[in-house]
Amino acid sequence: MAINLAKGQKISLDKEAGVTLTKVVMGLGWDAVKTKGFLGFGSKTQDIDLDASCIMFDEKGTAVDAIWFRQLRSKDGSVTHTGDNRTGDGDGDDEQIVVELNKVPATVKSLIFTVNSFTGQSFSQIDNATCRIVNAANNQEVARFNLSTLGSHNAQIMAKLYRHNGEWKMHAIGEISNGRTFSELMPQIIPHL
């Protein structure tokens, strides 16, 4: 059973999944917002482009790679972004980042996941925005984080996956911010390493 993560919460991914995880998926989902047309007649769908990103850091806190809509695969091949969704249409995850934990180089200590509203809407304007971690072996949801409750911000430093005593753990950071891409969040990311 998945747990709903609260800001600052830390969990062991292996313990939550009940098995040693080798491959996880960070899923990001949201719904396009319907707005009323001219003088309240009709409606149209407003496109919302949320972007999931993953930044890989070494022991010294140096960013060694970034996986996002402009680079869909890490240089070492252990992390893959499934592609940029610019509307939020459809059910389920609109964007996914797949991490093969057993292939992440030993020099990488942590992975930071961020969400940004590239089109600028605040999370309070976005319906059903959630991110989650799924055990890719059985498609079981391990953890979930609700983004739509975050108010008038358009970016979030979502979570950190990190190595600790030979296992992968997760820290639900949940720090809200503003910025269209992960690079604008780097000054706020560094203290979480």
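This is a predicted model: local features need pLDDT of at least 70, side-chain atom pairs count only at pLDDT 80 or more; totals for chains, interfaces and linings use all residues.

Student: What makes up the fold in terms of helices and strands?

Tutor: The protein chain has two helices and 14 strands.

Student: Why is Asn139 called exposed?

Tutor: Its relative accessible area is 60%. Exposed means over 50%, so Asn139 with its 60% counts as exposed.

Student: Where is Asn139 placed?

Tutor: Asn139 sits in the loop between strand 11 (127-135) and strand 12 (140-146). Its phi is positive, about 60°, although Asn139 is not a glycine.

Student: How do you know that Asn165 is exposed rather than buried?

Tutor: The relative accessibility of Asn165 is 71%. Buried would need a value under 20%, and exposed needs one over 50%; therefore Asn165, at 71%, is exposed.

Student: What is the phi of Asn165, and where does the residue lie?

Tutor: Phi is near 50° in Asn165, a positive value in a residue other than glycine. Asn165 belongs to the loop between strand 13 (155-164) and strand 14 (167-177).

Student: What share of the residues in the protein chain is buried?

Tutor: Of the 193 residues, 50% are buried. Each of these has a relative accessible area under 20%, because that is the cut-off for the word.

Student: What part of the contacts joins residues 24 or more positions apart?

Tutor: Among contacts with a separation of 6 or more in the protein chain, 65% are between residues 24 or more positions apart. A contact here means heavy atoms within 4.5 Å.

How values were computed
Residues are numbered from 1 along each chain as its sequence is written. Side-chain values use heavy atoms; hydrogens and water are left out. Helices (H or I, at least four residues) and strands (E, at least two) are DSSP runs, numbered from the N terminus. Buried means under 20% relative accessible area, exposed over 50%, partly exposed in between (1.4 Å probe, protein chains only).
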